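Here's a quick tour of a protein model for you. Take a look at the structure, then read the notes below.

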Amino acid sequence: MFPDAARGVRTAGASLASEGNPLSEARESGMKVLEARGLRILARISLARGRYDETEANLRQSLDIAASHGADYERGLTLLSLAGLYSAQAEKRGASRRWALPLRQAIAMFQRLGAERDLREALQMQASLGQPK
């Protein structure tokens, strides 16, 4: 689902897991929106490694932070990533439409924000998954 996440997974994962990393610095500095973004990026790495539970935990935490700080654009991106995770899980474990709700929420958020590029990506995902508009 996220082909660019497969590149550099080991080095990026090791960098984010070490002390003094940007995610820790964002937390310590109170930069909550950047923390949410860092968690979303970390989730993409976890997804590329096939660690679905870790991916979902990072995305849920990112979503909570973004929502509590009014970061709707970051929230939309996280919802789109969550839909991607659920889609990947459905491919592995059998048919499931768990991805439908976060995808619809991401589409609505991108429409409201006028985030055309991200809206196109979400609509492409919707079309590829066969979800009705």
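Glu35 sits in helix H4, residues 32-48 (helices, H or I with at least four residues, and strands, E with at least two, are DSSP runs numbered from the N terminus). This is a predicted model, where local features need pLDDT of at least 70 and side-chain atom pairs count only at pLDDT 80 or more, while totals for chains, interfaces and linings use all residues. Residues are numbered from 1 along each chain as its sequence is written, and side-chain values use heavy atoms, leaving out hydrogens and water.

**How confident is the model?**
- The average pLDDT (the predictor's confidence in each residue, from 0 to 100) is 83, and 79% of the residues score at least 70.
- Over residues 1-18, pLDDT stays under 50. For that stretch the model has 23 contacts (heavy atoms within 4.5 Å) beyond four places in sequence.

- Glu35 has a relative accessible area of 3%, so it counts as buried (buried is under 20%, exposed is over 50%, partly exposed is in between, with a 1.4 Å probe and protein chains only).
- The C-alpha atoms of Glu35 and Glu25 are 8.6 Å apart, and the two residues are 10 apart along the chain.
- Asp118 belongs to helix H8, residues 116-129, and is buried too, at 4%.
- Setting aside neighbours within four places in sequence, Asp118 touches Tyr73, Leu77 and Phe110.

- In soluble globular proteins, nonpolar side chains tend to be buried together.

**Salt bridges**
- The whole structure holds 9 salt bridges (a side-chain nitrogen of Lys or Arg within 4 Å of a carboxyl oxygen of Asp or Glu).
- Asp72 pairs with Arg112, with the closest N and O atoms 2.7 Å apart. This pair links distant parts of the chain, 40 residues apart, with Asp72 in helix H6 and Arg112 in helix H7.
- Asp72 is partly exposed at 21%, whereas Arg112 is exposed at 54%.
- Arg117 pairs with Asp118 at 3.6 Å between the closest N and O atoms; Arg117 is exposed at 59%.
- Arg37, Arg40 and Glu74 join up in a salt-bridge network.
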